[in-house]
Amino acid sequence: MTNAMPTKSFLILLGGVALAAVAIGAAQMVRSPDRALSPDIQAVTVVLRNGQRLRVQTREVTVAQWQACYAAGQCTLELKGQIRVGDYPATGLSYPDTMEYVRWINANSATAWRLPTAAEWAELAEEVMPRKPDPIFTDPSLTWASTYLTQADTAGRALRPSGAFNTTSSGVDDLDGNVWEWTQDCYAGASGQGDKIDPARCPAYITGGEHEAVMSYLVRDPARGGCAVGAPPAHLGMRLVSDKG
Amino acid sequence: MTKFINPGLMKTNRRNVLRGSVLAGAAALTGAGAMARTRAPKLDIANAISAKLYKAAAKQTADSTAKPADLSGYTRVKQEMVAPPYAPVHEQVATGGPKIVEVTLETSERLMVVDEDTGASIWALTYNGSVPGPLIIVHEGDMVELTLRNPVDSMMEHNIDFHASTGALGGGGLTHVFPGEETVLRWKATKPGCFTYHCAPGGAMIPYHVTHGMNGAVMVLPRDGLKDRDGNPLAYDKIAYIGEQDYYLPKDADGEYIAYDVAGDDYSDSIDAMRTLTPTHCVFNGAVGAITGENALKFNVGETVLMVHNQANRDSRPHLIGGHGNFVWETSFSEAPLTGLETWFVRGGTAMAAMYTFEQPGVYAYVNHNLIEAALLGATAHFVVEGEWDNSLMEQVSAPREFAA
């Protein structure tokens, strides 16, 4: 808390008010990420099958955490009208939005947070993923249509408070929820050209969710409908991991 | 019209700047790899939206039951694309058997000035660098074999949906190309008429791409050419290919049009502007004045023009001021043309054709006869016609003069 003078004055005035509550409220006014909003507060260490130790946010970045970045002038997107502040995941995030948040968090953190890889995400989520549905078309000529989902996603589309969905045995919440999470994996086409793409110009990234999805880096709201896709994610959000397990 | 070329592998885009900062921190602390890794693609193009379901699809072992296309009897020809308002070299009445017409479209993202007066510009998403994309002309029964190429310096994925084609979302499901990729799609032109084509990469990206210029027209002529309702042949001397484009350009707090560094940077602002359903510009061939003044189309009295009008997104109502639509095909060439129209209708999401033979010299204005759109938003083109004035059709009997009250 580098810039907390107003908070301190406020605390002196209030005397016996519960310190934690005030600190959380005040955190939205300070420039640097407050510890109360730091990913570290709600994170667990998960050991992946390859022995890699990963520190994982137990929940997706919340509206309150996001708004602190916005209030600090480091995130462009304001989550307006989110009256359920604090309890809900931050959604409507594009890939550049997530990068703004990561930069802000890391600028003042001893821990280097990042988006998970698609493989990391898949392994984290494995045990809470629903059974894979059968493709609706099996003819190879129709693979372009086989992704179409005729069943609703089990999580529904209405946003629910953080923690409303399942928890893995490692203690990670909501991986099976209706917020798809950006991963750092670039998807650059089916032709094997992917490696040639400058990562800084990646046109689309893989997002983790009930079904893995590829989204253009620009998209904040994967609109329902349109004709070219089968089942777009309901919402787009983010969860941070770090290698400092 | 000023045009700037995409600055290619420009390093200073927003994502790069952001990622660079992140990288510096992350690498220093952990020695970890790049923040954004490029993963070898595992997904089928058309399944890009759902890897999980793709994996299910990948287990398919049965062969397709679809029979191979019989291409015997077809002759391969190449059609060189030309920029609008012009049409490619073609026959009005087909000679010989059916053809496989090979065309190439390149998805190019380029900064284009929409209105020189205000400096309003857009990172247009185009086929072959023009708005609209080039006109493709084939005959009923021909096949179009399209090579769709996305240059490596593109920011975005593109594809194409041909309204004239049958299946796979108009080919949209089979043509997703990422930067550095190309794909080839063959489809049969079974219905005669003018049809729009446009990019449709999914979700909100569909109207974003379409309102950034990524649309054009295919004309599928009857093999024996155009005819009136009695079956008499109708021929034209020239084609005027007009692509009407509604743009929704974001403005800043002062009402100035915002300039963006790279294609795609305007995405969020554009989505907000598009939601108003109120275009800031409605222009012919990409920019205000693209077919006026020095760019006006030129004809002679006695010449017949076929005006092919494409509007991929919203309705329009062209009117040729000082002339008419002698024969108008609003829907299909299988229908008898409407005759003697003052104004005709372009259903949003279609291309259509109107034919006129010039009877008087001078200047004609071809407008969207919502005159607000024509005069204030840009939807005006000019035709300059040379020839002999016909006093029997019109004569100024008396020049303006004072009259006694």
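Colleague: Which pattern does chain A follow, read along the sequence?
Modeller: Along the sequence, chain A goes α-α-β-β-α-α-β-α-β-β-β-β-β. That comes to five helices and eight strands, where helices (H or I, at least four residues) and strands (E, at least two) are DSSP runs, numbered from the N terminus. Before we go on, this is a predicted model, where local features need pLDDT of at least 70, side-chain atom pairs count only at pLDDT 80 or more, and totals for chains, interfaces and linings use all residues. Residues are numbered from 1 along each chain as its sequence is written, while chains are lettered from A and ligands numbered from 1 in the order in which they are written.

Colleague: Okay, how much of chain A is buried?
Modeller: Buried residues are 49% of the 245 in chain A. A residue is buried if 20 or more other C-beta atoms lie within 10 Å of its own, exposed if 12 or fewer, and partly exposed in between, with C-beta atoms placed from the backbone.

Colleague: Why is H4(A) largely enclosed by the rest of the structure?
Modeller: It's because 12 of the 13 residues of H4(A) are buried. Among them are Tyr95(A), Met99(A), Arg103(A) and Trp104(A).

Colleague: And what does helix H4 of chain A span?
Modeller: H4 of chain A covers residues 95-107 and reaches 18 Å from its first C-alpha to its last, close to the 18 Å expected at 1.5 Å a residue. The expected span is 1.5 Å times one less than the number of residues.

Colleague: Where does Cys202(A) lie?
Modeller: Cys202(A) is in the loop between strand E4 (179-186) and strand E5 (204-208) of chain A. It counts as buried because it has 26 C-beta neighbours inside 10 Å. Its C-alpha is 10 Å from that of Gln184(A), 18 residues apart along the chain.

Colleague: Switching to chain B, how is it divided?
Modeller: There's domain 1 (75-225) and domain 2 (241-386), with bounds from an automatic or database domain assignment. The centres of those two domains of chain B, taken over C-alpha atoms, are 18 Å apart.

Colleague: In which sense do E18(B) and E22 pair?
Modeller: They pair in the antiparallel sense over four bridges, E22 of chain B being residues 362-368. Pro318(B) is opposite Asn368(B) in E22(B).

Colleague: And what order do the strands take in the sheet with E6 of chain B?
Modeller: The order is E6-E11-E10-E8 (chain B), an open sheet of four strands with mixed pairing. E6(B) and strand E11 (residues 215-221) of chain B pair in the parallel sense over four bridges, and Ile136(B) has Val218(B) as its bridge partner in E11(B).

Notes:
Pairing = 2+ DSSP bridges.
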